[in-house]
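Please view the sequence and structure before reading on.

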Amino acid sequence: MVPIAYYLVLAAVLFSIGIGAFLIKRNVITIFISIELMLNAVNLTFVAFAHKWHQIGGQIFVFFVMVVAAAEAAVGLAIIIAIFRTRQTLNVDEIDLMNS
Amino acid sequence: MQLALFIIFGILAVAGALNLLFQRHPINSALSLVVVMMSLAVLYWSLGAEFLAAAQVIVYSGAIMVLFVFVIMLLNAGEEERTHGSRAAYNVGIPGAAAIFCLLAFVFLSERDALGVANIGGRLANGVDNIAELSQVLFTKLLLPFEVTSVLILVAILGAVVLARKEQ
């Protein structure tokens, strides 16, 4: 017997930590990892609401989010490899081609 | 018992997320994300989403995180250094994240009674188990989106190969 609100607050905690890590971290891989953390936090709210409303739709949405996250991770990491190959760095402050 | 399960794995998830934030080396951040994902899988199970708990372990902590660890090792990523770009991010990021958390927590806790409670082992519909119900919808009503995701994955694979390929 756990209030659904506790699950949602836990998801809010994880999401906020994800936002903080996204803004503070300077390594492009770690920034990508914090995006995954935020996606997971949102998935937890979907599952909690699916439980609350007795609807399977929330769980199906999480399934599709997982598929998209897998595709996004594959493409994103390929882009990171391409960046590292041309610029020899993973620091986002030095990847400023569009800023110069 | 569900409250104990929630507290243990909730604290584990938050501790993993904070460790992700405070570690300087990307491999430590990636491995603490695995801890977060595994504890979330237990929480999914406690909410009656058995299929998603298994998929979380297999897809997220299995496939995606292996990809991350693989790339970190391939690029030999070292510790990140502090730059003055991160000073501004500190001043904006921490208050911003705290404000978003306060807003969300206020809304959820003020609606606490309306949201009700979660019971362990609770089925969503009348006695149909989770995987049967999920596949029933996925293969009848949502067959087209389900098939389109396979095209999406194929495009993602091709895109990854093209982007990561060495240019001649």
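**Conventions**

Helices here are DSSP runs of H or I of at least four residues, and strands are runs of E of at least two, numbered from the N terminus. Residues are numbered from 1 along each chain as its sequence is written, while chains are lettered from A and ligands numbered from 1 in the order in which they are written. In this predicted model, local features need pLDDT of at least 70 and side-chain atom pairs count only at pLDDT 80 or more, whereas totals for chains, interfaces and linings use all residues.

**Confidence**

The model has ipTM 0.91 and pTM 0.91.

**Helix α3 of chain B**

Helix α3(B), residues 50-75, reaches 36 Å from its first C-alpha to its last. A kink of about 30 degrees is centred on Met65(B), the bend being the angle between axes fitted to the seven residues ending at a residue and the seven starting there. Just after the helix, Asn76(B) adopts a positive phi of about 55 degrees.

Among the buried residues of α3(B) are Phe51(B), Tyr60(B) and Phe68(B); buried means that 20 or more other C-beta atoms, placed from the backbone, lie within 10 Å of a residue's own.

Technical notes:
Expected span 1.5 Å × (residues − 1). Buried ≥ 20, exposed ≤ 12 C-beta atoms within 10 Å, placed from the backbone.
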